[in-house]
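Here are my notes to read alongside the model. Take the points in order, and keep the viewer open as you go.

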Amino acid sequence: MINSGKLAGRTLFITGASRGIGKEIALKAARDGANIVVAAKTAEPHPKLPGTIYSAAEEIEKAGGRAHPCIVDVRDEVQVRTAIQEAVAKFGGIDIVVNNASAISLTNTPNTDMKRYDLMHNINTRGTFLVSKECLPYLKKSNHAHILNISPPLSMLPKWFGPHVAYTMAKYGMSMCVLGMAEEFKNDGIAVNALWPRTAILTAAIEMLTGSESAQWSRKPEIMADAAYAILSREPKQFTGQFFVDDEVLEAAGIKDLKPYACVPENADNLMVDFFVEAKGATTETLAATAGASTPTAGSDSGKIPQLFQKIESLLSTEIVSKTQAVFQFNISGAEQGTWYLDLKNGSGSCGSGTPPATPDATLTMNSTNFFDMFSGKLKAAPAYMTGKLKISGDFQKALKLEKLMKALKSKL
């Protein structure tokens with residue numbers, strides 16, 4: 001996406017702009033000569049996460065924009081109002097709001113503590129509402145007013161809710177702001193839209209969720225920045241209330257080759273689909289299958305899972321146990337319906353049918369075909385989870401340790 005200069009002199013208020021997608025959107029607009037308010041919490045370097053509001057501001061100015069870093073926790077009304085007042089004093093107004101700040105916890109109901117629940121809803125839904133509300137008087141004065149929420153299309157399919165209802169509600173709250181505010185502000189000439197990625201985007205958040213190998217099946221944040229730029233460059237009165245997906249925006253803009261956006265270009269056709277969207281070109285039959293409406297019937301997989309566990313048992317060792325330190329329970333549906341366990345926490349390890357002898361750290365639910373494909377290396381655990389083929393309850397990080405275990409055992413199974 002080549003910069004057109006359409007955002008030159010425009011002022012963007014971007015939450016969570018110190019790193020990741022927010023920063024990339026800021027840098028893209030900065031190349032037009034835009035003014036960027038970097039509204040984020042990170043003022044001091046984080047031990048695990050890159051970037052601060054000050055380092056982001058420095059990059060923005062090197063890219064050709066003007067930057068104003070502000071310490072902003074979107075849960076704090078005073079900090080939000082102060083940052084907006086400073087932005088108006090420095091740049092003369094606000095033309096564009098990008099609600100990017102977000103919190104995530106992929107936990108089921110029993111494993112979602114209320115502190116984490118409140119954090120997600122206060123940052124995602126309440127923060128988006130607050131920032132949009134406080135910027136509204138200045139957006140009404142702009143002749144190029146946009147609100148863009150980094151949030152998913154609204155879909156009532158149960159599969160988007162079941163594994164992590166608290167997180168889904170918080171993200172959908174941002175999308176409901178789009179639906180409501182687009183209707184509310186349509187006579188004010190303010191476009192209110194949402195943008196969401198088709199695939200996993202390589203950010204600090206996805207690396208924490210899926211591990212250091214996440215680049216293998218992710219796209220670069222630049223695809224979201226280019227898609228956001230295409231949306232924000234349009235005349236706001238021409239469209240509002242839309243739920244955009246990044247690759248569709250770019251294809252509509254004439255960009256057909258998306259391979260350069262893949263972190264590993266040779267994996268461009270084997271990327272992990274993100275939450276809340278289907279794989280590109282998914283058919284009606286595919287959607288029905290992934291919605292959890294049917295159960296696979298018995299077939300050629302009969303007997304594979306017992307044989308698989310026999311092989312795994314022969315390979316267990318105290319070394320594997322010391323590296324993994326987790327007990328797994330597998331609830332299998334379909335051709336080989338049943339419960340299995342893998343204890344990689346006690347002694348030299350054990351596995352077999354039934355519930356584990358110790359309390360499981362993570363419980364994984366899937367059909368027998370996907371289970372066998374996962375252990376034989378045909379299906380990765382993280383993409384399986386992201387596409388709804390695998391449900392996880394308990395300790396998410398320990399569940400994803402299976403990825404490394406399967407990689408180590410793959411040649412021996």
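Which backbone oxygen does the side chain of Thr-112 reach? Hold that thought for point 2.

1. First, some ground rules. This is a predicted model, in which local features need pLDDT of at least 70 and side-chain atom pairs count only at pLDDT 80 or more, while totals for chains, interfaces and linings use all residues. Residues are numbered from 1 along each chain as its sequence is written, and side-chain values use heavy atoms, with hydrogens and water left out.

2. Back to the question: the side chain of Thr-112 reaches the backbone oxygen of Asn-108, at 2.7 Å. The side chains of Thr-112 and Thr-107 are also joined by a polar contact of 2.7 Å. A polar contact is a pair of N or O atoms within 3.5 Å; within protein, one must be able to donate a hydrogen and the other to accept it, and residues adjacent in sequence count only if both atoms are side-chain atoms.

3. Where does Thr-112 sit? Look in the loop between strand E4 (96–99) and helix H4 (114–139). Helices (H or I, at least four residues) and strands (E, at least two) are DSSP runs, numbered from the N terminus. With a relative accessible area of 11%, Thr-112 is buried; that word means under 20%, exposed means over 50%, and partly exposed lies in between (1.4 Å probe, protein chains only). Leaving aside neighbours within four places in sequence, Thr-112 is in contact (heavy atoms within 4.5 Å) with Thr-107, Tyr-117, Met-120 and Ala-166.

4. Now find strand E2 (residues 35–40).

5. Next, the partners of E2. Strand E1 (residues 11–15) runs parallel to E2 and is joined to it by five bridges; two strands pair if DSSP finds at least two bridges between them. Leu-12 has Ile-36 as its bridge partner in E2. From E1 the chain crosses through helix H1 (residues 20–30) to E2, a right-handed β-α-β crossover. Right-handed means that, with the strands pointing away from the viewer, the path from the first strand over the helix to the second runs clockwise.

6. E2 also pairs with strand E3 (residues 66–71), in the parallel sense and over six bridges. Here the bridge partner of Ile-36 is Ala-67. The chain crosses from E2 to E3 through helix H2 (residues 53–62), and this β-α-β crossover is right-handed.

7. Zoom out to the whole chain. It is divided into domain 1 (11–267) and domain 2 (304–411), with bounds that come from an automatic or database domain assignment. Their C-alpha centres lie 35 Å apart.

8. Phe-276 is not a glycine, yet its phi is positive, near 75°. Phe-276 lies in the loop between helix H8 (246–252) and helix H9 (284–290), and at 4% relative accessibility it counts as buried. Gln-325, also not a glycine, has a positive phi of about 50°. Is Gln-325 buried or partly exposed? Gln-325 is partly exposed, at 33% relative accessible area.
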